[in-house]
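Let's take a walk through this model together.

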Amino acid sequence: MKNWIELLSEFKKAQQPVALITVTKCLGSTPCVLGSRMIITNDSVLHGTIGGGKLEFLATEEAKNALCENRIIESSYTLGPEFEQCCGGKVEFIIEPMNQSPELFLFGAGHIGYEIAKILVDTPFKVNLIDSRHDWFKTSTLDDSINCCQVDVDNFKSFRDVVKWGKNSYVLVLTHDHTIDFEIIAMALQNETKFLGLIGSKTKRVRFNNMLIKEMNIEEGMSNVVCPIGLQVGGNTPKEIAISVAAQLLEVHYKE
């Protein structure tokens, strides 16, 4: 196998989710050695080996689960006759999913949006700050790690295409226009997200709920949307609200 560090670097650059299997203990006769590694991609391509046979097959299945659930798995197998291998030893390994960091798509680069983006710098979140107002980011002084995206209000497909939908996708909606807010929420409910939040009051939530059901035929309405957003920590300045929202996102991420 090509140097596993080089491989992981290539997968990271391509933003392709993979799981790294590392043998952490070998007792007795085993088909692998301590430190053996194998990488499995999210489309089940294997790089390297930890000994082949049923051991490798079961480890691969566990790696798929680790990728699906985005969690570290520790496992061990005794290679006896019932295992269809006659080595008689024991193998322990750890499976680490990689390149599945949470990604935030924040619609609305107003005061609160800017503060949320700044607070999430140096956290696990990759932040995309999105706005449809012309030249809105022209004088931006945000950290280079924040991806500022201009979308076209006359081409709503640009709103949908800017998001990488999926189980690692967090979407926050806090634009300057309630009509745009509604359209984004309706769109997001028809795609996969880990978290979908909308800034606003309980009254706004009820109004949007009725519109989603009656106008968009989305039966669940707002039941899968967090609104109002943010933990109830107190304070109503843009920074204080942003802190409460960032804390909520981190809470969801770390409770996985």
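Is the crossing of helix 3 and helix 7 left-handed or right-handed? It is right-handed, a word used when the near helix is turned clockwise from the far one by less than a right angle, with anticlockwise counting as left-handed.

Before going further, keep in mind that this is a predicted model, where local features need pLDDT of at least 70, side-chain atom pairs count only at pLDDT 80 or more, and totals for chains, interfaces and linings use all residues. Residues are numbered from 1 along each chain as its sequence is written, and side-chain values use heavy atoms, leaving out hydrogens and water.

Back to our pair. Helices (H or I, at least four residues) and strands (E, at least two) are DSSP runs, numbered from the N terminus. Helix 3 covers residues 111–119 and helix 7 covers residues 238–254; they pack at about 50 degrees, with axes 8 Å apart. That angle makes helix 3 oblique to helix 7. Here, under 35 degrees is roughly parallel, over 145 roughly antiparallel, 65 to 115 roughly perpendicular, and the rest oblique. The axes are lines fitted to C-alpha atoms, for helices over the stretch in contact, and angles run from 0 to 180 degrees between N-to-C directions.

Who touches whom? On the helix 3 side you'll find His111, Ile112, Glu115, Ile116 and Ile119, and their partners in helix 7 include Pro238, Lys239 and Ile241. Contact means heavy atoms within 4.5 Å. This contact brings together 9 nonpolar, 1 polar and 2 charged residues. For these classes, Ala, Val, Leu, Ile, Met, Phe, Trp, Tyr, Cys and Pro are nonpolar, Asp, Glu, Lys and Arg are charged, and the others, Gly among them, are polar.

Now for the spaces. On a 1 Å grid over the protein atoms alone, a cavity is a set of points where a 1.4 Å probe fits but cannot get out; a pocket is an open set with protein on both sides within 12 Å along at least five of seven lines, and lining residues have an atom within 4 Å of a point. Grid points are joined across faces, edges and corners, and a volume is the space filled by probe spheres set on the points.

The largest pocket holds about 540 Å³. Of its 20 lining residues, Gln15, Asn99, Gln100, Ser101 and Glu103 lie nearest the centre. The second largest pocket has about 190 Å³, and Ile241, which also meets helix 3, is one of the residues closest to its centre.
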